[in-house]
Amino acid sequence: YNGKELVIGVRPEDLLLVSKDKAVFSETVLVVEPQGSHQVVAFNLDETIVKMIVSAEMKIKPGDNIELGFNSKRLHFFNRETENRIPLKNEVEQ
């Protein structure tokens with residue numbers, strides 16, 4: 001896949017609120033949905049609404065700017081042409 005376009009998939013639970021110096025990107029919060037022990041935070045990313053799960057203890061409200069990263073060990077890669085998931089090297093060796 002060297003030199004080919006890939007699609008990266010990140011599950012909502014693998015998005016992380018991070019400090020500005022560790023952020024991959026930042027976005028403005030659209031909606032916060034309290035769910036008891038956690039809350040669902042929605043933001044717009046390239047015209048797509050993305051939702052992530054954060055602790056209920058985090059004080060976030062619509063209009064806030066949040067710094068985001070992700071758990072790099074839990075990324076999923078897809079072939080842009082076939083839309084098939086690309087197995088990681090350790091998955092192929094098993």
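Of the 94 residues of the protein, 24% count as buried, where buried means under 20% relative accessible area, exposed means over 50%, and partly exposed lies in between (1.4 Å probe, protein chains only). The structure is a predicted model, in which local features need pLDDT of at least 70 and side-chain atom pairs count only at pLDDT 80 or more, while totals for chains, interfaces and linings use all residues. Residues are numbered from 1 along each chain as its sequence is written, and side-chain values use heavy atoms, with hydrogens and water left out.

The overall form may be considered next. The C-alpha atoms of the protein fill a box of roughly 45 × 30 × 25 Å, taken along the principal axes. The radius of gyration of the protein is 15 Å, whereas a compact globule of 94 residues would have a value near 12 Å; this radius is taken over C-alpha atoms, and the globule rule is 2.2 Å times the number of residues to the power 0.38. The protein exposes about 7,000 Å², of which carbon and sulfur atoms supply 49%. Such areas come from the Shrake-Rupley method with a 1.4 Å probe, and for residues only the protein chains shown count as cover. Among the contacts in the protein with a separation of 6 or more, 56% are accounted for by residues 24 or more positions apart, a contact being heavy atoms within 4.5 Å.

The protein contains 1 helix and 8 strands. Helices (H or I, at least four residues) and strands (E, at least two) are DSSP runs, numbered from the N terminus. From the N terminus on, the elements follow the order β-β-β-β-β-β-β-β-α.

An open sheet is formed by 3 strands in the order β1-β7-β8, with antiparallel pairing. Because β1 (6-9) and β8 stand at the edges, each with a single partner strand, one side of each is left without a neighbour in the sheet. Two strands are said to pair if DSSP finds at least two bridges between them. The antiparallel strands β1 and β7 are joined by 4 bridges, and the bridge partner of I8 in β7 is F77.

Leaving aside residues up to four places away in sequence, V54 touches L17, H38, Q39, V41 and I60. V54 and S37 are 17 residues apart in sequence and 9.0 Å apart in space, C-alpha to C-alpha.

I49 also has its place in strand β5, but I49 is exposed, with a relative accessible area of 56%. Together, L30, V31 and I49 make a nonpolar surface patch of about 260 Å². Patches are made of residues with over 30% relative accessible area and no salt bridge; like charges are joined within 9 Å, and nonpolar side chains (Val, Leu, Ile, Met, Phe, Trp, Tyr) within 5 Å. A salt bridge is a side-chain nitrogen of Lys or Arg within 4 Å of a carboxyl oxygen of Asp or Glu.

The loops hold two further points of interest. Most residues other than glycine have a negative phi. D46, however, has a positive phi near 50°; D46 is placed in the loop between β4 (38-45) and β5 (48-55) and is exposed, with a relative accessible area of 72%. E83 likewise has a positive phi, near 65°. E83 is found in the loop between β7 (76-79) and β8 (85-86), and E83 is exposed, with a relative accessible area of 65%.
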